[in-house]
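Please look at the sequence and the model before reading on.

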Amino acid sequence: MIKIINFLGTPSREKFSLFVPIGIFLFSLGLIDVTLNSLFDVNITSFFPRGLNYFTPLIFGFLGLYYLRIEFSGNKMLDKLNININSNWFNSILTLLIIFVLIQNIPPLLNWLIIDANFVGTTKKDCSDSGACWIFIKIWFPRLMYGLYPNAELWRINTSFIMLITLVVALFYIPIKLKKYLIIFLIFVFPFIMFNLIHGGNFGLVWVETTAWGGLSLTFIISVFALILCFPIGMFLALGRRSSAPVTRYASIGFIEFWRGVPLITVLFMASVMFPMFLPDGVYMDKLFRVIIAITLFEAAYMAEVIRGGLQALPRGQYDAAKSLGMGYWRLHLLVILPQALKLVIPGIANTFLALVKDTPLILVVGLLELVGMIDMAKTNPDWLGFATEGYVFAGILFWIICFNMSRYSQRLEEKYKTDR
Amino acid sequence: MNLGITTFLDKRPKIKKYFPQIITLLFIIFIFGYFTYNAQVNMDNRGIDFGLRFLGEEASFDISFTPFVEYDGTKPYAKAYLVGLVNTLIVAAIGIFFATILGVIIGISRLSSNYLISKISEWYIEIFRNIPLLLQLFFWYFAALRALPLPKEAINFFDIAYLSIKGLYVPRFVWTNGSVFLFSIVAAIVAIFFVFKYTRIQQEKSGRRIPAFLISLGIIIVLPLLTFLIGGVSLTFEHPELKQLSKTIYNYIGGVAIIPELMALAAALSLYTATFIAECVRAGIMGVTKGQKEAAASIGLTPGQILRLVVMPQALRIIIPPTTNQYLNLTKNSSLAAAIAYPDLVLVFAGTAMMQTGRAIEIISITMLTYLSISIAISILMNWYNKKIAIKEK
């Protein structure tokens with residue numbers, strides 16, 4: 001076999017000018033064959049027998065890559081190509097298969113997503129069948145972002161999120177001295193301001209009941225509140241689990257392992273149907289608040305494990321040094337241990353928050369409609385039937401952008417803090 | 001008042017030591033007591049009494065997918081619970097199977113020297129890991145599987161399996177004396193276990209290597225084959241057939257129907273979890289230092305032996321604990337089934353059964369305890385395994 005392929009001699013540096021053109025020619029012949037085949041339905045190799053016909057691009061490409069595989073050819077680009085995608089026959093076949101699959105699938109996908117897609121118009125009739133109907137997303141966009149929140153009041157959600165982002169960004173730039181106060185404000189005061197602004201009912205703001213909240217903003221409302229609330233609980237649980245007192249330790253272990261052992265869906269069901277039974281007779285608590293409490297407790301258990309990781313990573317000397325200065329349990333932890341431990345686990349906290357954001361769409365099972373829930377609602381609207389794919393693709397892209405950037409950010413943090421110690 | 005307690009405690013150091021714990025204990029008891037009291041009052045008001053007796057009552061609702069368990073509406077709630085649990089375990093098992101295969105492939109390709117392959121694996125991981133699982137599930141169920149053809153134009157896999165919007169129809173195995181066949185497989189596995197033990201003892205004694213793999217391959221082929229020849233076991237297939245149910249409605253009858261809910265759930269779970277398993281595999285393989293391979297090569301081991309005896313045992317020690325964690329996550333995530341109406345434990349028991357009986361506390365508690373026991377069982381197994389494979393330092 002090899003002898004037949006090598007009828008011109010082994011590909012080598014000496015015969016560079018002979019083998020490279022042949023290789024490039026055969027390789028591009030394979031590519032052209034696949035491209036014509038999949039995009040224009042033209043088969044230039046139809047004169048081959050049927051069974052062979054299917055494999056011709058692969059054979060051409062394989063031979064082409066074989067002739068191109070010249071070690072130390074002297075051509076920098078060719079060397080780089082050979083090392084990266086053409087190091088041996090197995091790699092060259094994998095390379096070819098991947099290239100062919102991409103050629104076959106990318107253009108139709110782009111066609112559906114962009115080229116044949118419909119952007120202009122206001123009703124379902126403006127959409128053609130060949131491409132995606134982004135009009136659906138355009139018309140429903142406010143609903144997908146804000147749920148059933150009244151249009152006239154949307155500025156309240158926008159303002160509160162802009163304030164939140166401004167404050168968080170400000171955190172990175174203000175002098176260290178003021179930072180402490182800003183963090184305290186952000187954790188203990190700002191949630192109430194934000195909540196009041198969105199919920200309304202006083203200061204001349206119209207009351208908006210929580211059933212109208214929805215869309216992507218609800219995802220963030222729940223995530224932000226749950227994160228802020230679960231943090232102190234998680235901290236106490238982590239300390240409790242490391243405590244030497246058996247009651248505290250076993251209570252913390254039991255709490256943490258219970259929440260970590262059950263799926264979030266059952267927790268949400270618990271919040272929606274079981275929790276009201278535990279409230280005093282006649283006391284009613286809004287479903288959204290019940291859900292936020294449930295998610296908070298659920299996340300607190302995960303947060304506790306993250307923080308415990310940080311506590312365990314601290315060297316014993318830190319405890320001994322603080323004790324030798326005469327510090328008690330609380331002063332030791334608040335002033336010496338926790339600040340260092342928390343700094344260690346910042347990436348872990350970011351990951352927990354990421355998981356939290358990814359988990360929030362689940363609240364749909366108890367009837368709260370965030371982004372995915374709103375799409376579910378929009379796709380069953382009689383005027384807009386049959387656009388489920390567009391909706392999910394849109395939500396997928398949106399969530400992906402958010403989560404991907406968050407995970408990249410937490411990876412960056414990880415690297416940053418790794419070198420610090 | 002406060003001062004009084006402090007001096008009281010200072011005089012009795014033994015009580016002082018336990019004082020915070022007593023307070024914690026009282027606090028926990030108080031909270032539990034308060035909740036129990038409220039629940040009691042609420043249930044009295046609604047005229048329901050706490051108890052598990054309802055499990056024996058007739059469920060009177062149907063479940064669309066009940067493999068392995070005989071079930072219809074006349075059966076008690078306990079049976080419905082069992083159906084739900086079995087369905088959860090089925091989808092978890094399928095998901096774990098495919099997620100492992102895909103995860104290992106992706107994890108290894110991520111380390112490939114081929115630029116295209118490692119890049120594509122990386123993008124696969126980044127894309128599927130960063131989209132909420134529920135969204136992926138909805139995409140497969142409401143968008144991808146709904147685009148399948150009707151039963152009449154079903155996609156035909158060599159006349160064996162048919163894929164249509166109603167699900168995947170595959171032939172059913174009809175066994176005669178199937179249990180004999182099953183026993184023979186169990187016997188073969190036990191025999192193989194002893195063969196491996198024997199070869200190890202022989203090798204330690206005399207250094208001679210017995211081809212244990214070939215022998216066990218023979219055992220597992222020959223023993224079940226014997227049951228066909230002399231054990232009276234036979235196997236026929238019941239093929240699904242296209243039937244006209246009414247003027248326009250066609251569907252397949254017979255065979256095993258894999259409902260689209262199960263397919264969507266299994267696809268979403270395995271594609272999502274595979275990304276995490278791939279990262280575990282990658283970390284494991286990268287965790288074995290180059291020196292280990294070089295050292296093994298220098299004492300004359302073949303590449304196959306290096307992989308089997310040196311690299312894999314060390315890589316597995318890193319890979320298995322986080323991977324088990326992912327299996328656990330997959331099992332917990334399978335509860336998302338409730339969102340697409342796959343009849344798993346949550347949908348059947350915490351959904352339908354709870355709506356009918358109104359026994360929120362009992363049912364949600366049972367559901368949570370079930371998941372909790374699965375989690376705890378797996379973590380106990382895990383700890384045992386970790387202890388077994390931990391590096392034994394002398």
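Strand E2 (residues 161-164) and strand E3 (residues 167-170) of chain B pair in the antiparallel sense over three bridges. Helices (H or I, at least four residues) and strands (E, at least two) are DSSP runs, numbered from the N terminus, and two strands pair if DSSP finds at least two bridges between them. Within this pair, B:Leu163 stands opposite B:Leu168 in E3(B). E2(B) and E3(B) form a hairpin that has two residues between the strands.

The model is predicted: local features need pLDDT of at least 70 and side-chain atom pairs count only at pLDDT 80 or more, while totals for chains, interfaces and linings use all residues. Residues are numbered from 1 along each chain as its sequence is written, and chains are lettered from A and ligands numbered from 1 in the order in which they are written.

**The sheet of chain B**

E2(B) also pairs with E1(B), again in the antiparallel sense and over three bridges. Here B:Tyr162 of E2(B) is the bridge partner of B:Asn156. The hairpin of E1(B) and E2(B) has three residues between the strands, and B:Phe158 takes a positive phi near 55° in this hairpin.

These strands belong to an open sheet of four strands, in the order E1-E2-E3-E8 (chain B), with antiparallel pairing. Its edge strands, each pairing on one side only, are E1 (155-157) and E8 (256-258) of chain B. From one strand to the next the twist averages 20°; axes are lines fitted to C-alpha atoms, and angles run from 0 to 180 degrees between N-to-C directions. In general, strands of a sheet pair through backbone hydrogen bonds, either parallel or antiparallel.

**Chain A as a whole**

Chain A has 18 helices and zero strands. Some overall values for this chain follow.

| Property of chain A | Value |
|---|---|
| Radius of gyration | 30 Å |
| Span of the C-alpha trace along the principal axes | about 85 × 65 × 40 Å |
| Buried share of the 421 residues | 33% |

The radius of gyration is taken over C-alpha atoms, and the globule rule is 2.2 Å times the number of residues to the power 0.38. A residue is buried if 20 or more other C-beta atoms lie within 10 Å of its own, exposed if 12 or fewer, and partly exposed in between, with C-beta atoms placed from the backbone.

A:Phe387 lies in the loop between helix H17 (371-379) and H18 of chain A. Why does A:Phe387 count as buried? A:Phe387 counts as buried because it has 23 C-beta neighbours inside 10 Å. Not counting residues up to four places away in sequence, A:Phe387 touches A:Cys133, A:Phe136 and A:Lys379; contact means that the C-beta atoms, placed from the backbone, lie within 7 Å.

**Where the chains meet**

In the interface, 42 residues of chain A are in contact with 46 residues of chain B. On the side of chain A that touches chain B, H18(A) gives the most, with 10 residues.

Note on methods. Contact = placed C-beta atoms within 7 Å.
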